[in-house]
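Hello,

Here is the structure I promised to pass on to you. Please have a look at it first, and then read on for what turned up in it.

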Amino acid sequence: MRLTQFTDYALRLLIYVATHDKRLVTIEETASAYGISRNHLMKVANHLTREGYLKSVRGRSGGLALGRPAAEIGLGAVVRGTEPDFAVVECFSEDGRCRITPSCRLKGVLNGALNAFMAEMDRHSLADLVVDPAAFGVEKRHA
């Protein structure tokens, strides 16, 4: 299973904001810290703000802050809210055309795996992902 880039950026943005919880964080600074697209991150920030995970302060000294405590932001809820669907394989979608779907056992196995993945995500909150602010922007050196 692979999460969309949108979900990846949503989780990264939440981690960055939670890590810097004593101040407002800008899209530009976050995009720079991760080396990712400012435009994509703006769309993600808008979504997370609409969902109440972030709050946005407009203006020259504006930025983003958490909309609720990090411990109250469940990772499973964020993933469910940012992923368009969980159709891991064709038979998960309503218009699937696989000929063996009626007798195939793969869908059940994959559904069990997806449920286990989401159960693990549900066990964690954003508070579990907060890192040392100094860890951002530091590249690991290969030996």
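Predicted model: local features only at pLDDT ≥ 70, side-chain atom pairs only at ≥ 80, totals over all residues.

How do the two helices lie relative to each other? The axes of H1 and H3 come within 9 Å and cross at roughly 75°. Angles of 65 to 115 degrees count as roughly perpendicular, so H1 is roughly perpendicular to H3.

Leu 41 belongs to helix H3. Is Leu 41 buried or exposed? Leu 41 counts as buried because its relative accessibility is 0%, and the cut-off for buried is under 20%. Leaving aside residues up to four places away in sequence, Leu 41 touches Tyr 9, Leu 13, Ile 27, Thr 30, Ala 31 and Ile 36. As for Thr 82, it lies 41 residues from Leu 41 in sequence, and the C-alpha atoms of the two are 13 Å apart in space.

**The nonpolar core**

The largest nonpolar core has 30 residues, and those touching the most other members are Leu 13, Leu 14, Leu 48, Leu 54, Leu 66 and Leu 126. At least two core residues come from each of these elements: helix H1 (5–19), helix H2 (27–34), helix H3 (38–50), strand E2 (63–66), helix H4 (75–82) and helix H5 (106–122). H1 gives the most, with nine residues.

Not counting residues up to four places away in sequence, Leu 66 touches Leu 14, Val 17, Ala 18, Tyr 53, Leu 54, Lys 55, Ile 73 and Leu 126.

**The hairpin**

Leu 66 also takes us to the strands, where Leu 54 stands opposite Leu 66 in E2. Strand E1 (residues 54–57) and E2 run antiparallel and are joined by four bridges. Which residue of E2 is the bridge partner of Val 57? That partner is Gly 63. Five residues sit between the strands of this hairpin, and in the hairpin Gly 59 takes a positive phi near 110°.

Terms used
Residues numbered from 1 in each chain as written. Heavy atoms only, no water. Core = buried A, V, L, I, M, F, W, Y, C linked by side-chain atoms within 4.5 Å. Buried < 20%, exposed > 50% of the residue type's maximum accessible area, 1.4 Å probe, protein only. Contact = heavy atoms within 4.5 Å. Pairing = 2+ DSSP bridges. Axes fitted to C-alpha atoms, helices over the stretch in contact; angles between N-to-C directions. Parallel < 35°, antiparallel > 145°, perpendicular 65-115°, else oblique.
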